[in-house]
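The entries follow the order in which I looked things up.

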Amino acid sequence: MPHILVADDHPMCATALGMAARAVDPTLTKDCVTTLAEAEILVRQTDYDLILLDLMLPDVQGFAGLAMLRAIRPGATIAIVSGREEPAVVAQSHALGAKGFIPKSSTIDQMIAAIRTLLDGQDWLPDGIADAGQEDRRVDLAERMGTLSIAQLRVLRAIVNGHQNKQIAYDLQLAEPTVKSHLSAIFRKLGVSNRTQAVLALQAFDAEN
């Protein structure tokens, strides 16, 4: 009995994905959430057969949500669901570990085919553009972002929000030397040398997504 998670704050899209999933397997069970915070809680508790993740949730924009869920469950089958269908967006998603990319313009039949393929353990990417964005510099950054740990992703999000080490340590319940250690690892993995460059890298990575 497959168990899936739909993380999408658009009721019509979430409903369509649920209908498509049930068409694939009537015995399938489904959890639905509308924020990344809710998705994080459930993904820690449950090893889902498939996670369908909207790129633009109220509490996260762009690929940060995908990076976080991949860090929590490295082996999870995650498919991005998005209104953005540009080759670079598809390529970034794939580079960051998404097994599938389902455009929100997809018909129900296309959603059914995508979900069936993903549950069978195969990748599902839009025809003709799976590799078209590989030369985009953000694809390399997506691969680098995928190497960050959960703690490092949280620290990176904190510095993007302008928080200093002492505030980050308090908010994340870490020692300040630990925060500094995470920052050093973030800089090394992203190929940058300071906080400003790390913030700019993440902003470039998430630009217009």
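Predicted model: local features only at pLDDT ≥ 70, side-chain atom pairs only at ≥ 80, totals over all residues.

**Entry 1: conventions and the sheet**

I count two strands as paired if DSSP finds at least two bridges between them; helices (H or I, at least four residues) and strands (E, at least two) are DSSP runs, numbered from the N terminus. Residues are numbered from 1 along each chain as its sequence is written, and side-chain values use heavy atoms, with hydrogens and water left out.

With those terms I looked up the strand order, and I found an open sheet of five strands, β2-β1-β3-β6-β7, with parallel pairing. The edges are held by β2 (29–33) and β7 (100–103); each has a single partner strand, so one side of each lacks a neighbour in the sheet. From one strand to the next the twist averages 20°, where axes are lines fitted to C-alpha atoms and angles run from 0 to 180 degrees between N-to-C directions.

**Entry 2: strand β3 and its partners**

I then asked which strands pair with β3 and over how many bridges. Strand β1 (residues 3–7) pairs with β3 in the parallel sense over four bridges, and four bridges also join β3 to β6 in parallel.

For burial I used relative accessible area: buried is under 20%, exposed is over 50%, and partly exposed lies in between (1.4 Å probe, protein chains only). Five of the five residues of β3 (residues 50–54) are buried, so the strand is largely enclosed by the rest of the structure. I noted that in a regular strand the side chains alternate between the two faces of the sheet. In β3 both faces are covered, with Leu-50, Leu-52 and Asp-54 buried on one side and Ile-51 and Leu-53 buried on the other.

Further along the sheet, strand β6 (residues 78–82) runs parallel to β7 and is joined to it by four bridges; Ser-82 has Pro-103 as its bridge partner in β7.

**Entry 3: the nonpolar cores**

A nonpolar core is here a set of buried Ala, Val, Leu, Ile, Met, Phe, Trp, Tyr and Cys residues joined through side-chain atoms within 4.5 Å. The largest such core has 49 residues, and those with the most contacts inside it include Ile-51, Leu-53, Leu-66 and Leu-69. Helix α3 (residues 64–72) supplies the largest share of this core, six residues. Apart from it I found another core, of 19 residues, among them Ala-16, Leu-17, Leu-50 and Met-111.

I also listed the contacts of Leu-53 (heavy atoms within 4.5 Å). Leaving out residues up to four places away in sequence, Leu-53 touches Ala-7, Gly-65, Leu-66, Leu-69, Ile-78, Ala-79, Ile-80 and Val-81.

**Entry 4: helices and loops**

In helix α4 (residues 87–95) I recorded Ala-88, Val-89, Val-90, Ala-91, Gln-92 and Ser-93 as the buried residues, and after α4 comes Gly-97, whose phi is positive, near 110°.

Where does Gln-173 sit? Gln-173 is in the loop between α8 (165–172) and α9 (176–190), and at 74% relative accessibility this residue counts as exposed. Its phi, near 55°, is positive although the residue is not glycine; most residues other than glycine have a negative phi.

Pro-11, in helix α1 (residues 11–24), is exposed with a relative accessible area of 62%. Thr-178, in helix α9, counts as partly exposed at 31% relative accessibility.

**Entry 5: the whole chain**

The C-alpha trace spans about 50 × 35 × 25 Å along its principal axes. Of the 209 residues, 48% count as buried.
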